[in-house]
Amino acid sequence: MLVTETFLHDWTGEIAAPLVLVRNTVKPDWVDEFHHLNMAHFLTICDQANWAFWNWINAPVQTIEGRQGHEYAIVENHVTYTGELAEGDAFSIQTHLLDVDAKRLVLFHRVMDANGNLSATNEVKFLGFNLDARRAENWQPPVADRLAQVLAAHATLERPSQAGQGIALKKR
């Protein structure tokens with residue numbers, strides 16, 4: 001099993017807009033031949049933000065075993081690359097909850113370098129998923145309640161220009 005950093009945070013009811021649940025540095029095995037963070041590992045670090053958000057929204061139940069199979073599946077990702085990160089560079093990830101319904105949510109991550117410059121964005125769609133039944137399910141009531149609270153707190157944030165975009169040859 002893959003060992004990952006989970007960036008555990010307690011739920012206090014205070015909701016930053018945006019959230020910053022991940023602060024880390026670029027690991028040597030994430031760097032490619034061009035001496036910067038490989039494009040695939042931008043997803044690795046954004047997945048750290050996915051796990052940090054999920055564990056935070058479920059706190060104090062921050063283990064798969066404790067959640068008794070009530071998890072999520074990622075069903076869509078879109079990444080934009082706007083800057084470089086080299087081995088050892090510090091970064092943080094700003095997370096913005098864009099939308100939520102009974103069993104889906106959309107997060108938008110901004111990967112920021114140590115100087116506050118944007119290095120990448122990642123828009124990701126989650127689906128509530130029951131690991132035991134191996135099928136989609138609605139969010140559990142405590143999670144649904146917290147997601148509504150986060151969505152309300154994040155409603156004040158400007159919608160990212162990259163959100164909802166996709167891939168096109170023409171400049172938008």
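## Aromatic groups

Trp51, Trp54, Tyr72, Phe126 and Trp139 make up one aromatic cluster. Rings of Phe, Tyr and Trp (for Trp, its six-membered ring) pair if their centres lie within 6.5 Å, and planes under 30 degrees apart count as stacked, over 60 as edge-to-face and the rest as tilted. By this rule there are seven aromatic pairs. In one of them, the ring centres of Trp11 and Trp56 are 4.7 Å apart with the planes at 45°, so this pair is tilted. The pair links distant parts of the chain, since Trp11 belongs to the segment before β1 and Trp56 to helix α1, 45 residues apart. Helices (H or I, at least four residues) and strands (E, at least two) are DSSP runs, numbered from the N terminus.

## Basis of the description

The model is predicted: local features need pLDDT of at least 70, side-chain atom pairs count only at pLDDT 80 or more, and totals for chains, interfaces and linings use all residues. Residues are numbered from 1 along each chain as its sequence is written, and side-chain values use heavy atoms, with hydrogens and water left out.

## The nonpolar core

The largest nonpolar core has 34 residues, and those with the most contacts inside it are Ile45, Phe53, Trp56, Ile57, Phe91 and Val111. The elements that give two or more residues to this core are β1 (19-25), α1 (39-58), β3 (90-100), β4 (104-113), β5 (118-130) and α2 (141-154). Helix α1 gives the most, with nine residues. A nonpolar core is a set of buried Ala, Val, Leu, Ile, Met, Phe, Trp, Tyr and Cys residues joined through side-chain atoms within 4.5 Å. In soluble globular proteins, nonpolar side chains tend to be buried together.

Trp56 counts as buried at 3% relative accessibility, and Trp11 counts as buried at 18%. Buried means under 20% relative accessible area, exposed over 50%, and partly exposed in between (1.4 Å probe, protein chains only). Not counting residues up to four places away in sequence, Trp56 touches His9, Asp10, Trp11, Glu14, Ile15, Leu19, Leu21, Gln62, Arg146 and Val150. Contact here means heavy atoms within 4.5 Å.

## Arg146, a buried charge

Arg146 is found in helix α2. Arg146 is buried yet has no salt bridge, and the nearest side chain of opposite charge, Asp145, is 6.0 Å away. For such charges, Lys and Arg count as positive and Asp and Glu as negative, while His and the chain ends are not counted.

The side chain of Arg146 reaches the backbone oxygen of Ala59 at 2.5 Å. Leaving aside neighbours within four places in sequence, Arg146 is in contact with Trp11, Trp56, Ile57, Asn58 and Ala59. Both members of the tilted Trp11 and Trp56 pair are thus named among the contacts of Arg146.

## Salt bridges

The structure holds three salt bridges, each being a side-chain nitrogen of Lys or Arg within 4 Å of a carboxyl oxygen of Asp or Glu. Arg67 forms one with Glu71, where the closest N and O atoms are 2.8 Å apart; both residues are buried.

Lys125 is bridged to Glu76, with the closest N and O atoms 3.6 Å apart. Lys125 lies in strand β5 and Glu76 in strand β2 (residues 70-81), so the pair ties together parts that are 49 residues apart in sequence. Lys125 is partly exposed at 27% relative accessibility, as is Glu76 at 47%. Asp101 forms a salt bridge with Arg104, the closest N and O atoms being 2.3 Å apart. Asp101 is partly exposed, with a relative accessible area of 32%, and Arg104 is partly exposed with 41%.

## Backbone features and loops

Most residues other than glycine have a negative phi, and most peptide bonds are trans. The peptide bond from Ala17 to Pro18 is cis, with omega near 0°, and Pro18 is placed in the segment before β1. Another cis peptide bond joins Ala59 and Pro60, with omega about 10°; Pro60 lies in the loop between α1 and β2.

His35, although not a glycine, has a positive phi of about 65°. His35 is placed in the loop between β1 and α1 and is exposed, with a relative accessible area of 62%. Arg134 likewise is not a glycine and has a positive phi of about 60°. Arg134 is found in the loop between β5 and β6 (135-136) and counts as exposed at 57% relative accessibility.

Terms used:
A polar contact is a pair of N or O atoms within 3.5 Å; within protein, one must be able to donate a hydrogen and the other to accept it, and residues adjacent in sequence count only if both atoms are side-chain atoms.
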